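Dear colleague,

I am handing over the structure below, and I would be grateful if you could look through it before reading my notes.

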Amino acid sequence: MGNYHTLTQAEAVEYARGIEGVFPAGAQLKSRKIGDGNLNHVFHISDPASGRGLILKQALPYVKVVGESVPLTLDRVRIESEALRIQGELCPDLTPKVYAYKPDLALMVMEDLSDHIIMRRGLMERGRYPLFAGHIGSFLARTLFFTSDLAMDLQEKKQRVKAFINPELCNITEDLIFDAPYKKSRMNIFEPHIRDAVERIWADTELHLEVALLREIFLTKAQALLHGDLHTDNIFIKLDSTKVIDPEFAYYGPMGFDIGTVIANLLLNYSGQEGWSTDAQERTDYRRYLLDTVRDLWTQFELRFRELWNGHAADRMAKTRGYQDLYVARLLQDTIGFAGAKMVSRVHGFIHVADIDHIEDAAARERAQRIALEIGAALIKRNRSARSIEEVLEIALKAVN
Ligand SMILES: Nc1ncnc2c1ncn2[C@@H]1O[C@H](COP(=O)(O)OP(=O)(O)O)[C@@H](O)[C@H]1O
Ligand SMILES: CSC[C@H]1O[C@H](OP(=O)(O)O)[C@H](O)[C@@H]1O
C-alpha cells in the first residue's frame with residue numbers, strides 16, 4: 001500500500017475523469033463528499049451538463065466515526081469489490097456496477113445510484129415498495145445458495161472461505177452486536193430514560209445464553225458468502241428497483257445473519273413509527289405494511305431458495321430426504337435470533353438507527369426504544385423454538401398493543 005494517501009476532492013475528480021465511457025470529454029465535473037457512512041470516504045463526482053455521475057469510495061486506515069485511534073484494515077476494499085463482483089454476477093439488477101478497483105489507493109469506483117434513495121430514509125418517509133420483498137428475497141436466495149456447499153464445488157468453496165476471511169470487520173460485529181449490549185460497557189450509548197430496560201438486559205441470563213449460542217453460530221457456521229451488513233442504509237431503493245451496496249463486512253457465515261439483518265431493520269422502523277405519526281390509524285396501517293413485508297420477504301426467500309435447491313444443488317447429499325426441510329427450518333431459527341440481536345444492539349449499543357434516534361419527541365422516542373428492545377429480546381429468546389415467520393409478526397404486534 002506504498003502509494004496510499006487519502007484522496008483530495010480534486011484528485012477524486014481527475015481519477016473519475018479517467019474512467020472510460022462515463023463523462024464527455026472536457027466535462028466540468030463537480031465533486032461532493034458524502035458523509036453519512038461510518039467507515040469510509042465517499043465522493044459523488046457528477047457532470048451537471050450530461051447528468052452523469054460516478055461514486056468513488058476510499059477506505060481510511062481507521063474507523064471514520066471513531067477516529068485514528070482505532071485502526072482498520074484497508075483490505076476491506078478488496079473484500080467489498082470482490083463480494084460486489086460475485087453478487088453482481090448472481091444478481092446483476094440488484095447491485096451497483098463496479099468500474100474500477102485500485103488496491104494501492106484502497107479505492108473503488110462504482111455506478112452512481114443517486115436516482116434511488118437510501119431505504120432507511122424511504123421508510124422514515126413512510127414509502128411503500130411493493131417489489132422490495134421479491135427483490136431482496138431473490139438477492140438473498142441467489143447470493144446465499146450459490147455461494148454455499150449446496151451449489152459449489154466443495155474445494156472451491158473452501159478457497160472462497162479463505163479469500164473472505166475478514167477478521168477485523170467480523171470483530172466489529174462480534175463486539176457491537178454480540179457482546180457490548182449485554183454488559184456495562186463504554187461501547188454502549190443510551191439515554192438515561194431507558195436505563196431500567198438496559199439494566200434488565202444486562203441482568204437477563206436466559207437472554208445471555210441465547211446470545212452466546214447465536215454468537216457461536218456467527219463465529220463458526222461458514223455456510224455462505226454473506227453481505228455481512230445488510231441494513232436499510234445499505235439498500236438503495238425506488239419503486240421499480242432495489243440495489244444492495246457496501247458488502248465490506250462480507251465473510252463466510254450463517255445465512256440467517258443477512259436475512260435477520262434486513263428483518264431487524266424493518267422492525268426498527270416499525271418501532272420508530274411511535275414517533276412518526278400522531279394518527280393512530282396511520283401508524284397501524286404503516287406497521288401492517290412493514291409486517292407484511294417481513295412475511296413476504298421470508299416467503300419469497302424460502303420459495304426461491306427451495307427452487308434453486310431443487311433445480312441447481314450440486315451436492316449429492318442435498319437430495320437426502322428431509323434434509324431441505326430441516327435446513328430451512330434451522331435457517332428460519334437463525335434468522336429470527338439474529339434479527340433480535342441486531343435490534344437490541346441498535347437501541348443501546350454503539351451505533352443506533354435514525355428511524356428511532358431522529359424522533360424529536362422524547363417520550364415517543366423512549367416508547368420506540370422500549371418497543372424495539374422488547375421485540376429484539378423476545379426474538380432472541382424465541383430463536384431455537386421458532387417454527388414459522390408468523391411468530392415474528394405476533395411478537396411485533398404484542399409489543400405495540
Ligand atoms: N453507488 C452509490 N451511489 C450513490 N450514492 C452512494 C453509492 N454508494 C454509497 N453512496 C452514498 O455514500 C454513503 C456511504 O456509503 P457506504 O458504502 O455505506 O459507506 P460506509 O461503508 O462508510 O458506510 C451512502 O449512505 C450513500 O449515501
Ligand atoms: C464502528 S462501525 C459500526 C457499524 O458501521 C457499519 O455500518 P456502515 O458501514 O454501513 O456505515 C456496520 O453496520 C457496523 O456495525
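This is a predicted model: local features need pLDDT of at least 70, side-chain atom pairs count only at pLDDT 80 or more; totals for chains, interfaces and linings use all residues.

Helix α10 covers residues 280-312, and because its 33 residues at 1.5 Å a residue should span 48 Å, the 47 Å between its end C-alpha atoms agrees with expectation; the expected span is 1.5 Å times one less than the number of residues, and helices (H or I, at least four residues) and strands (E, at least two) are DSSP runs numbered from the N terminus.

Residues are numbered from 1 along each chain as its sequence is written, chains are lettered from A and ligands numbered from 1 in the order in which they are written, and side-chain values use heavy atoms, with hydrogens and water left out.

Turning to ligand 2, the residues that surround it are N38, L39, V63, L176, D229, H231, N234, D246, E248, F249, R346 and I351, where near means that a heavy atom lies within 4 Å. By class, this shell has 5 nonpolar, 3 polar and 4 charged residues (Ala, Val, Leu, Ile, Met, Phe, Trp, Tyr, Cys and Pro count as nonpolar, Asp, Glu, Lys and Arg as charged, and the others, Gly among them, as polar). Polar side-chain atoms lie 2.8 Å from an oxygen atom of ligand 2 in the case of D229, 2.9 Å in the case of H231 and 3.2 Å in the case of D246, a polar contact being a pair of N or O atoms within 3.5 Å. Taken alone, ligand 2 exposes 400 Å², of which the protein buries 93% (areas by the Shrake-Rupley method with a 1.4 Å probe).

D246 is buried, with a relative accessible area of 13%, where buried means under 20%, exposed over 50% and partly exposed in between (1.4 Å probe, protein chains only).

L176, which is also listed around ligand 2, belongs to helix α6 (residues 167-178), where the buried residues are L169, C170, T173, E174, L176, I177 and F178.

Methods. A polar contact is a pair of N or O atoms within 3.5 Å; within protein, one must be able to donate a hydrogen and the other to accept it, and residues adjacent in sequence count only if both atoms are side-chain atoms.
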